[in-house]
Amino acid sequence: MKSYRLVSFSTLCICLFVLFISPFQDTSSASTDKYQNFKQLSQHESSASYKVTTKEAKSPVLIFAPHGGGIEGGTSEIAKELSKQNALSLFESLKSKGSRDLHLTSTHFDEPTARKMVSMYDNVLSLHGYSGNKKHIFVGGN
C-alpha cells in the first residue's frame with residue numbers, strides 16, 4: 001500500500017494566502033493567446049523572458065504550473081511551496097510588462113521539458129489562476 005504525506009497546515013495556509021492576494025487573473029481562451037504553441041513562443045520571445053524550472057522527486061506527485069510568474073499571479077509561489085515534498089514543472093514569465101503574451105492555453109502547452117515530466121509521474125496537480133469577484137478555490141479533475 002502506498003503512503004502519502006499530507007500537506008502541512010502552514011503549506012496550506014501559504015497556498016490559500018497567495019490565492020486570495022491574486023484576484024486579477026486572466027482567463028482568456030486559446031483564441032486570444034498570442035502564440036498557439038511553445039515552438040511559436042520560443043521563436044518570437046527571448047529566452048530571457050521566461051524560465052522553465054523542473055525538479056524530480058521520489059514522490060508520485062508532480063506539481064505542474066504552466067502559467068507562472070506574471071502570467072497567472074500566485075501559481076509560482078504555490079508550486080514552489082508544494083514542490084518541497086513533490087516533483088515540479090514550472091513555466092514562468094520573467095517579463096516586467098506583457099507577461100500575458102507568454103500564456104499558452106493548457107491544451108496547447110507543449111513545452112518539451114514539461115511534457116517529459118508529466119509523462120514520468122502517476123499524479124499531476126496542475127495549478128491555475130482565475131478571476132472573479134468572490135474569493136474561492138475550484139478543485140476538479142477526472
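Visitor: What makes Thr-75 part of a helix?

Guide: Thr-75 lies in helix α3, residues 75-82; helices are DSSP runs of H or I with at least four residues, strands are runs of E with at least two, and both are numbered from the N terminus. This is a predicted model, in which local features need pLDDT of at least 70, side-chain atom pairs count only at pLDDT 80 or more, and totals for chains, interfaces and linings use all residues. Residues are numbered from 1 along each chain as its sequence is written, and side-chain values use heavy atoms, with hydrogens and water left out.

Visitor: Why is Thr-75 called buried?

Guide: Its relative accessible area is 2%, and buried means under 20%, exposed over 50%, partly exposed in between (1.4 Å probe, protein chains only). Thr-75 is therefore buried.

Visitor: Why are Glu-45 and Lys-95 said to form a salt bridge?

Guide: Their closest N and O atoms are 3.0 Å apart, and a salt bridge is a side-chain nitrogen of Lys or Arg within 4 Å of a carboxyl oxygen of Asp or Glu. Glu-45 lies in the loop between α2 and β1 (50-55) and Lys-95 in the loop between β3 and α4, so the pair ties together parts 50 residues apart in sequence.
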